[in-house]
Amino acid sequence: MRTLFKNIKELLQIRDESIKFVSGKAMVELPTIKNAYLLVEDGIIKEFGSMANCPKTEVNNLVDATGKMLLPTWCDSHTHLVYAGNRESEFVDKIKGLSYQEIANKGGGILNSAKALQETLEDDLYQQSKTRLEEIMALGTGAVEIKSGYGLTLEAELKMLRVIKRLKQNYQLPIKATFLGAHAVPLEYKDDKAGYIQLLIETMLPQIAEAQLAEYIDVFCETGYFTVQDTDRILEAGKQYGLIPKIHVNQFTSIGGVQIGVKYHALSVDHLEEMRDEDIQVLKNTQTMPVALPGCSFFLGIPYTPARKMMDAGLPLALATDYNPGSSPSGNMNFVVSTSCIKMKLTPEEAINAATINGAYAMGLEKVVGSITVGKKANLILTKPINSYGFMPYAFGANQIDKVFINGIAI
Ligand SMILES: N=CN[C@@H](CCC(=O)O)C(=O)O
Ligand SMILES: [Zn+2]
């Protein structure tokens, strides 16, 4: 099966296969070819180049991309899109000025979602989640990480992870699963956090690892949730089962979460709204990707990750949605890319790098997706006719996508 895209106004994010991610000043470069072609064979990028060299080969499908941009699909490396119901009921409290923590203390928050999830049948949870997955795919997401963490009991965590597994089986985009049992301390353990951590380490982890339901392990390392010491214990236990850390740190307070992530060679440290200079320093020359979640800052009205400062210090940066019912009820990567430009002062080139190649790295998929590279999956966004790629983040809130291709096939 061969598909040829021809007359592409600009083909974006062309990378050699040796590039794992881009950092610091290199993030301002977005390699492109104007007036290009791209050939897909059996779902994989076979070749591309200038239209002058376009092959005259027979194809099954010809796409005339005159006036349009072609780029890799968004790589959303941080979501919680498997959840039950929503938290619309907390929205007005939030509008009236209650903080995320105050809402949680009133019985809302993560524990509210956990109760709903525990009461939802697995098939219903799957149906709700698949609707969200299809929605983000139509918005250009072509690889996604999904966390557990709204179960908080052995059975409910397994239920969430099985739903993620079923999504993996039924959809063509790469999906990575993360075990986030340490998302909140459940009510039954409110006076016995140590008991919950013991359950997590001694009962949940072995069963999840045995059933191969997760690749990554996450902890909400935050004041009022899990301490640095708790995180240390949980990541150490995860390591025994081969689970690589991708952790929630520095959302509200800087308590040493970044340092613990670096200690365990976390693939990513995510949120980072509150960053001290030492948090930036410790990330230098590591393989840990900092991930910003501007949808969460927007929705909660909390600071944005100081991305400019971090990139100026030479760090890489990835962007993700944090799609979840409490702090970012949107999985729209286009909005995230726009918001990073408007609020975090990324250039369109930096934002596209952060949302493609660096996002792919942040979920271990840098060899599979995230750039226009021979041998990578043909997961592609074809835009509507636009003047320049900068129009995508500029025209925030409007959909510039004509078609999304997964493995070379339009969805
Ligand atoms: N901060 C921790 N977890 C999610 C929010 C979860 C929730 O409020 O339901 C986040 O990444 O923002
Ligand atoms: Zn999150």
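Reader: Which element gives the most to the lining of the largest pocket?

Author: In this predicted model, local features need pLDDT of at least 70, side-chain atom pairs count only at pLDDT 80 or more, and totals for chains, interfaces and linings use all residues. Residues are numbered from 1 along each chain as its sequence is written, chains are lettered from A and ligands numbered from 1 in the order in which they are written, and side-chain values use heavy atoms, with hydrogens and water left out. Helices are DSSP runs of H or I of at least four residues, and strands are runs of E of at least two, numbered from the N terminus. Here α3 gives the most to that lining, with seven residues. Both α2 (100-105) and α3 (109-118) supply at least two residues each.

Reader: How is a pocket told from a cavity?

Author: Rolling a probe the size of a water molecule over the atoms shows where empty space is left. On a 1 Å grid over the protein atoms alone, a cavity is a set of points where a 1.4 Å probe fits but cannot get out; a pocket is an open set with protein on both sides within 12 Å along at least five of seven lines; lining residues have an atom within 4 Å of a point. Points are joined across faces, edges and corners, and a volume is the space filled by probe spheres set on them. The largest pocket holds about 480 Å³ of space. Its lining has 22 residues, with A104, L111, A184, V185 and L187 nearest the centre.

Reader: What surrounds the second largest pocket?

Author: Its lining is made of 15 residues, and R87, F299, P325, G326 and P329 lie nearest the centre. The elements giving two or more residues to this lining are α1 (91-95), α2 and α10 (294-300). The volume of the second largest pocket is about 200 Å³.

Reader: How many cavities of 30 Å³ or more are there, and what lines the largest cavity?

Author: The count is one cavity of 30 Å³ or more. The largest cavity has a volume of about 100 Å³. Among its 14 lining residues, H80, Y100, H183, N324 and S327 lie nearest its centre.

Reader: Where does ligand 1 sit?

Author: A molecule sits in a cavity or pocket if more than half of its atoms lie within 2 Å of its grid points. Ligand 1 sits in the largest cavity. A residue is near a molecule if one of its heavy atoms lies within 4 Å of it; 15 residues surround ligand 1, and Y100, Y150, H183, Q251 and S327 are the closest.

Reader: Which polar side-chain atoms lie 2.7 Å from a nitrogen atom of ligand 1?

Author: A polar contact is a pair of N or O atoms within 3.5 Å. H183 has a polar side-chain atom 2.7 Å from a nitrogen atom of ligand 1, and Q251 has one 2.7 Å from a nitrogen atom of the ligand. For D322, a polar side-chain atom lies 2.8 Å from an oxygen atom of ligand 1.

Methods: A polar contact is a pair of N or O atoms within 3.5 Å; within protein, one must be able to donate a hydrogen and the other to accept it, and residues adjacent in sequence count only if both atoms are side-chain atoms.
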